Amino acid sequence: MAQSYYEFFCPVKMIAGHKALEHIPFELTAIGVSRPMIITDKGVRQVGLVDHVTNAFDGTDREVAAIFDDVPPDSSLKTVQAAAKAYRDQQCDAILAIGGGSVIDTAKGVNILVSEGGNDLTKYSGAHNLPKKLNPLFVVPTTAGTGSEATMVAVISDTEKETKLPFASYFLMPDAAILDPRMTLTLPPHITAMTAMDAMTHAVESYTCLSANPMSDAYASAAIRKISENLMDVMATPDNAQGRLELAQASTMAGAAFSNAMVGLVHSLGHALGAVCHLPHGLCMNLFLPYVLDYNKSVNGDKIADLLLPLAGADVYANTPQAQRADKAIAHLRQMRDELFERCNLPRTLKETGKVERSQIQQIAEKALDDGSIIYNPKEASLEDLIQVLEGAWE
Amino acid sequence: MKKHNITVGLEKAYVTTMMTIVGRALISASQYDDEVRREIAGMPTGYVLSMTVMPSGPGFTLRAEKDGSLTWLSNDTPADLTIRFKHLEHAFMVFSFQESTSRAFANDRMIADGEVSQAIRLVRCLNKLESIILPKVVAKLAVKRYPEKLAVGEKFSKALRIYAGVTQQIVKGR
C-alpha cells in the first residue's frame, strides 16, 4: 500500500449566518480597504441582491467606490479587462464579488490584473504562475453550488481563440467568503436543485477520488450531510432561510474539499457533456453522479459505503450491513434525483435532457478522456469504459 | 551528512538514467505501439513536451510529430507542456515504482505547466509504456489498471523492440 501524503490549504475567512453582510464594512476596514469595487452581473443586480450588500454600508464610514455589473454567464478575457479598467479608473483597492461561478472567476481574473499590472491575463494561466499575494478579494455567493469562494482556481474564456484558460494558484483564494441567507433566498427551484447537486458532487468526488485526505474528508462529509438534510426542505419551502444558509455552507465546505482533493470522472463526463451539448454544469453533475459511483465501486466501494452515514443518517447506516452500504448510498442519491425530477424536472438521464443525441456519445466520451479531472478518478477509464458509462446513462 | 549526500547522488544518477531510458523508450513505443502512437498523433504537430525535476533537472524533452512518433530534443528547448517534479526524491519514488504517476499527481508531487489534456495523454502513454516494459508484478504497482488485453507474447515482443530501440538511440547518440 502506498504511503500516504496530502496537502490541505484553505485560508479563506468564513463569515456566515444571520446579518453576515453587515460584517463586511468592519472586515474591509480591518485590512485597510477604503475603496472596494463590486463585481456582479445584471441579473443579480436586478433582483436586488447587490442592494442588500450596499445597504450594509449605510451608517458606516465605508462606501462602495464602484459597481461593475457587466459579467456574462461565461467569464471572458474582455470582461476581465473591462472590469480591471473600471477598478483602476475609480482607484479601487479591493474587490467584492457578488454572484455565482462566472462572477467569482471574473473577479479572480480582475484581481490578477489589478494586482500584477498590465492587461495580459494569459501569461498567468496555468499552475502556480502568480508570484505574490493579490489585492483583497471578498466573495458573496448568490448560488449554493460552485464553491468558488473557497477554491484556488478560476476559468476564464478566451472567446477569440475559443478556449478556456485555467488559472490555479494559492493566491487566487479569496480573503473572505460571506454567506448570508438573504443572498440565496430567491433562487428558483431548478437552480437551487442543480447547484445543490453540483455541491453534492464536489463533496462526493472529493471523498471518493485519489486525492482524498482526512481534512478534505471532514469538509466533504459535513457538506454531504447538510445537503442531504436540507435540500428537500428548501425545495418544499423556498423561503426557509436557515435551510438556505445550510446549503450555502455546504457549498463552501464542498469547495474547500474539492479545491484540495480534486474531483474525478463525474466532472470529466460533465465537462465534456456541457461542452458538446451546452448543458448547465450542475445538471450534468446530477445526471452522471450515480452512474460513475457504480463504475468506481469495484475499486473504492469502502469509501462509497462511508457516504451512507452523511447521506441517510445514523439509523439507516447502522441497519445496513457493511457489504450493502455502497449500493445503498448510491440508491439514496438516485432517490434524491427522482425527487428532484418530480419537483423541477431535473434530468436524470441523457435522454431526459432532450438535448443530447445518442450519436453524440462517442464525441462526449472522447472529450471526457482528455479532461484533467480523469487522472484523479480512482479507477482507470478507457474510451470503451466511458462509452459504456454514457450508454448506461442514456435512459 | 556524508551518507546522505551519497544517497542523494545515487538517487540523482538513478533518476537521470531512468529519465533517459523512459524518454527514449517513449520514442520507441511511439513506433511500435498503436495506442501510444494514437495518443501522440492526437497532440498538435510539433508539440514539445518535457518532464523534469526542479530546480534544474534531470529530465527529457520530446517533440510530437505529425505521424504520431516522437523525437528527442535537447533539454533547453522551450516546451509547450512541462511536468516538473517538485523534488528529486519524488521523481525517484515514481521511477523506482514506489508511487504511480497518477498517485504522484494526486499527491501534488509534480506540477503540470501547459495544457492539461496533453498532460493526461502523456500520462496514458507512460502508463502503457510501463505496462509493456516492466514485469507485470512491478507494472501493476506503477499503473492504476494493468491492461487486460496485453497478452504475454505481445508484451514480450514489444518490450524487446522498445529496449532494442533505446539501446540503439543511446549508442547512436540520437
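This is a predicted model: local features need pLDDT of at least 70, side-chain atom pairs count only at pLDDT 80 or more; totals for chains, interfaces and linings use all residues.
**Ground rules.** I number residues from 1 along each chain as its sequence is written, letter chains from A and number ligands from 1 in the order in which they are written.

**Entry 1: L390(A).** I looked up where L390(A) sits and found it in helix α16 of chain A, residues 383-392. Helices (H or I, at least four residues) and strands (E, at least two) are DSSP runs, numbered from the N terminus. Is L390(A) buried or exposed? L390(A) is buried, with a relative accessible area of 0%. Buried means under 20% relative accessible area, exposed over 50%, and partly exposed in between, with a 1.4 Å probe and protein chains only. Not counting residues up to four places away in sequence, L390(A) touches L269(A), F288(A), L350(A), I361(A), I364(A) and A365(A); contact means heavy atoms within 4.5 Å. I also checked P11(A), which is 379 residues from L390(A) in sequence and 38 Å away in space, C-alpha to C-alpha.

**Entry 2: R348(A).** I found R348(A) in the loop between α13 (322-344) and α14 (350-353) of chain A. R348(A) is buried, with a relative accessible area of 18%. Its side chain makes a polar contact of 3.0 Å with the side chain of D338(A). A polar contact is a pair of N or O atoms within 3.5 Å; within protein, one must be able to donate a hydrogen and the other to accept it, and residues adjacent in sequence count only if both atoms are side-chain atoms. Leaving aside neighbours within four places in sequence, R348(A) is in contact with residues including L287(A), Y291(A) and F341(A).

**Entry 3: a sheet in chain A.** I traced an open sheet of 3 strands in the order β5-β8-β7, with mixed pairing. Two strands pair if DSSP finds at least two bridges between them. β5 (126-127) and β7 (153-158) of chain A stand at the edges, each with a single partner strand, so one side of each has no neighbour in the sheet. β5(A) pairs with β8(A), residues 163-168, in the parallel sense over 2 bridges. G126(A) has F167(A) in β8(A) as its bridge partner.

**Entry 4: β4 of chain B.** β4(B) and β5(B) run antiparallel, joined by 4 bridges. R84(B) is the bridge partner of T52(B) and stands opposite I111(B) in β5(B).

**Entry 5: where the chains meet.** I found 20 residues from chain B and 23 residues from chain A in the contact. The two chains bury about 1,900 Å² between them, 48% of it on carbon and sulfur atoms. Buried area is the accessible area (1.4 Å probe) that two parts lose on being put together, summed over both. I counted 4 salt bridges between the chains. A salt bridge is a side-chain nitrogen of Lys or Arg within 4 Å of a carboxyl oxygen of Asp or Glu. R145(B) forms one with D385(A), the closest N and O atoms being 2.5 Å apart. The largest share of the side of chain B that touches chain A, 7 residues, comes from α5(B).

Terms used. Side-chain values use heavy atoms; hydrogens and water are left out.
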